[in-house]
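I opened the model to look up a few things and kept notes as I went. The entries follow in the order I made them.

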Amino acid sequence: MNKREYSDTEEVGNESTLVVKKQHLNQNLAIYPDATDPQTDDNRNNILLANFMSLIPGKEQTLKILEKSETVIGRSRSCDIILDEVDISTKHCKLVLLEMPLGNENRKLLNIIDTSRNGTYINGNKLVKKDYVLKNGDRVIFGKKCSFLFKYASESPIVAVNSVHANNDDVNLDVENTDDGKFKKPQFGFTSSQQLKRKPQQKSKVLSVFDKYIVGKELGSGHYAIVKEGINKQTGKSVAIKIFHPQLNDDQKKNHQFREETDILMRVQHKNIVNLLDSFVEPISKMQIQKYLVLDKIDDGELFDRIVRKTNLSQPETKALFKQILSGLKYLHGKNIIHRDIKPENILLNVRRRQSPDEIQTGPWDDDEIDIQVKIADFGLAKFTGEMQFTNTLCGTPSYVAPEILTKQGHSSKVDVWSAGVLLYVCLCGFPPFSDQLGPPSLKDQILQGKFAFYSPYWDDIDDTVLHLISNLLVVNPVQRFSIEHCINHPWFNDIRENSFSSRMKRLQISDKQKLPKTYSELSKL
Ligand SMILES: Nc1ncnc2c1ncn2[C@@H]1O[C@H](COP(=O)(O)OP(=O)(O)OP(=O)(O)O)[C@@H](O)[C@H]1O
């Protein structure tokens, strides 16, 4: 098809083949070339919704998308936007106006639906006959070359998105326009039962996560989310952005889970708990939303990796790390919060490295480390116990899960004590006390019976005092199990050598070396 065929088209740019269709004056214009004022003549009722800014060198141009139910882009002269390139389909894609309820508001968003042969690419990903809700900063390529940066017309609620409580019925998110066109911070309103203290920084903007942060490399991933590095565009501060896997708009269970994680993180502030900075809920298609938590970035990885690297940790190091873990857990339990997923993957570390030889270490760390700060992360399974004190959901990670969770008897904060016991065991010897590898019986039965042992030679040189402590944490009956308080006051944490045990704690001798448990470190090399 030759661009000369379009007698009613206007060429944009010097040697451009990108053309924008001029429609009859008595019709609503769907788009405007940059030079055209959308508020003139017969178009004055049209509201500018968004802009596509060309990223093609030498073809600087802005395509204006007006508020219209459907805007078709393609090579055909019947399209609202004509892109006259050989790799553009007759009708390449369409932009459908969506009004989506987010929080307490309806937001006007553009859903792009691909109908092409060669594809529409959003931020490098091919759309392939699917839809996607556009957000600020998206790089959209039609076919192979027609590359644009997408932006909603104003930093209004139209911009898609929301901050902390998009789906929280208890919260009113009021956003107001100010005279200068900027937005006042949203105000949160609570029902009387919700008069809880919130961290001030959560009262913030209505923007997309991508407006505020540059999203970078992956830091880690789990079952529910992938965590990426982010940079705050305004402050330059590095953050961690937990990007949950896309979910259906109306997935009540996931919505509830996200609310619970966000709510809990908003109510906690402790040096050993990862800090929540922001949260976003954004539509990605008509049916799907994506949720984001912005957290303080913890730089030195998971305790799990440290255990794998070192095979096991020394008693002094374990003790120093555990004092911090217990401090975080004590704080949580004091607020009626149970974490329910304590395991080495969810204990993150910030290490301050030695800058000069005369710096003094704060603990029994490696020579090149001055200080290590522990941060408890991943509140995806965390729960308020409220007044009930017990909850029934099946949760946790198999090796670390407490027996009362398996028997669904209802559980309390003591489940974290059990998991802390498993973690303490793992830190000191490098493998978990309960595993399929140690069976029979099955992992589940080992846990239900509280059947574990201190295997020789791994435990031979470890103080009886800590074996005594672990034996009081891995107690099947939660009533008889230590509390966090008991744990903190135990002689091992207070460097008191306990000589009062009637006999030395038993180590299990296994004659067949093949049957000795394998450490995480050994397993990672298999
Ligand atoms: N604040 C953070 N700073 C740096 N890295 C982080 C941060 N939060 C999480 N990570 C990394 O991302 C990984 C996955 O995060 P997280 O455990 O929260 O995801 P998840 O999908 O909920 O995991 P799970 O499968 O355990 O439920 C962590 O194990 C950690 O390596």
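Which domains does the shell around the ligand draw at least three residues from? I looked this up before anything else, bearing in mind that the model is predicted. The answer is domain 2 (209-296) and domain 3 (301-525), each of which supplies at least three residues.

Ligand shell. I listed 22 residues around the ligand, and those that come nearest are His223, Tyr224, Lys242, Asp296 and Glu302. I then sorted the shell by class and got 9 nonpolar, 5 polar and 8 charged residues. For secondary structure, I noted four strands that each supply at least two shell residues: S16 (213-221), S17 (225-232), S18 (238-244) and S21 (288-296). S16 gives the most, with 3 residues.

Lys242, one of the nearest residues, has a side-chain N or O atom 2.8 Å from an oxygen atom of the ligand. At Ile298 I found a polar backbone atom 2.9 Å from a nitrogen atom of the ligand. For Asn346 I noted a polar side-chain atom 3.3 Å from a ligand oxygen. I also looked up the cover: on its own the ligand has 620 Å² of accessible area, and the protein covers 94% of this.

Strand S23. S23 runs antiparallel to S24 (residues 369-376), and 7 bridges join the two. Within this pairing I found Val351 opposite Ile372 of S24.

Leu303. I located Leu303 in helix H3, which covers residues 303-310. Is Leu303 buried or exposed? Its relative accessibility is 1%, so I recorded Leu303 as buried, the cut-off being under 20%. I also checked Leu303 against Leu349: the two are 46 residues apart in sequence, and their C-alpha atoms are 6.6 Å apart in space.

Open sheet. I traced a sheet of 6 strands in the order S4-S3-S13-S12-S9-S10, with antiparallel pairing. Which strands are at the edges? I have S4 (62-66) and S10 (125-126), each pairing on one side only. Inside this order I looked at S12 (residues 139-142) and S13 (residues 146-152), which run antiparallel and are joined by 4 bridges. In that pair I noted Arg139 opposite Leu149 of S13.

Methods
Residues numbered from 1 in each chain as written. Predicted model: local features only at pLDDT ≥ 70, side-chain atom pairs only at ≥ 80, totals over all residues. Heavy atoms only, no water. Near = heavy atom within 4 Å. Polar contact = N/O pair within 3.5 Å; in protein donor to acceptor, adjacent residues only side chain to side chain. Areas by Shrake-Rupley, 256 points an atom, 1.4 Å probe, with all protein chains shown as cover. Nonpolar A, V, L, I, M, F, W, Y, C, P; charged D, E, K, R; others polar. Domains from an automatic or database assignment. Pairing = 2+ DSSP bridges. Buried < 20%, exposed > 50% of the residue type's maximum accessible area, 1.4 Å probe, protein only.
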